[in-house]
Amino acid sequence: ITPANNVLDQIKGVEVMRYTFKADASHTPQLGYIAQNLEEHFPEFVNKPDTTSGKESNYTVNYAGMSAVAIKAIQEQQEMIVSLQQALTKVQARLDQLEK
């Protein structure tokens, strides 16, 4: 078991797309990933078609796994926000000193 680090840099390259399934008669738009594009950044969350069965199959995405990536990215952003807030507080304190 190892920590997942620096997912924010990886997730920046992931495209979220709007699409409709051809077989969906309602043509309800969906948001998600194109598996082949996601594979470049997070191959562990892409299931490739089974070519050995002789049946037609598609790439699929493990969306549950991607939710863990999203949470980790939020945590990384929060760390950045806290760091920037601390730096801003120091700058503000210095400006207050200069004004006196």
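**Getting to know helix 3**

Reader: I'm new here. Against which elements do the buried residues of helix 3 pack?

Author: Welcome! Bear in mind that this is a predicted model. In helix 3, the buried residues are G65, M66, V69, K72, A73 and E76. These buried residues pack against helix 1 (7–11), helix 2 (35–38) and strand 4 (60–61).

Reader: How far apart are the end C-alpha atoms of helix 3, and what span should its 37 residues have?

Author: Helix 3 covers residues 63–99. At 1.5 Å a residue, its 37 residues should span 54 Å. The end C-alpha atoms agree with that, as they are 53 Å apart.

Reader: Which residue caps the N-terminal end of helix 3?

Author: Look for a side-chain oxygen that lies 3.2 Å from the backbone nitrogen of A64.

Reader: Where is N6, and what is its phi near?

Author: N6 sits in the segment before helix 1. With a relative accessible area of 54%, N6 is exposed. Its phi is positive although N6 is not a glycine, with a value near 60 degrees.

Reader: And what is the phi of H27?

Author: H27 lies in the loop between strand 1 (17–19) and strand 2 (30–32). H27 is not a glycine, yet its phi is positive, at about 55 degrees.

Definitions and conventions. Residues numbered from 1 in each chain as written. Predicted model: local features only at pLDDT ≥ 70, side-chain atom pairs only at ≥ 80, totals over all residues. Heavy atoms only, no water. Helix = DSSP H or I, 4+ residues; strand = E, 2+ residues; numbered from the N terminus. Expected span 1.5 Å × (residues − 1). Buried < 20%, exposed > 50% of the residue type's maximum accessible area, 1.4 Å probe, protein only. Contact = heavy atoms within 4.5 Å. Polar contact = N/O pair within 3.5 Å; in protein donor to acceptor, adjacent residues only side chain to side chain.
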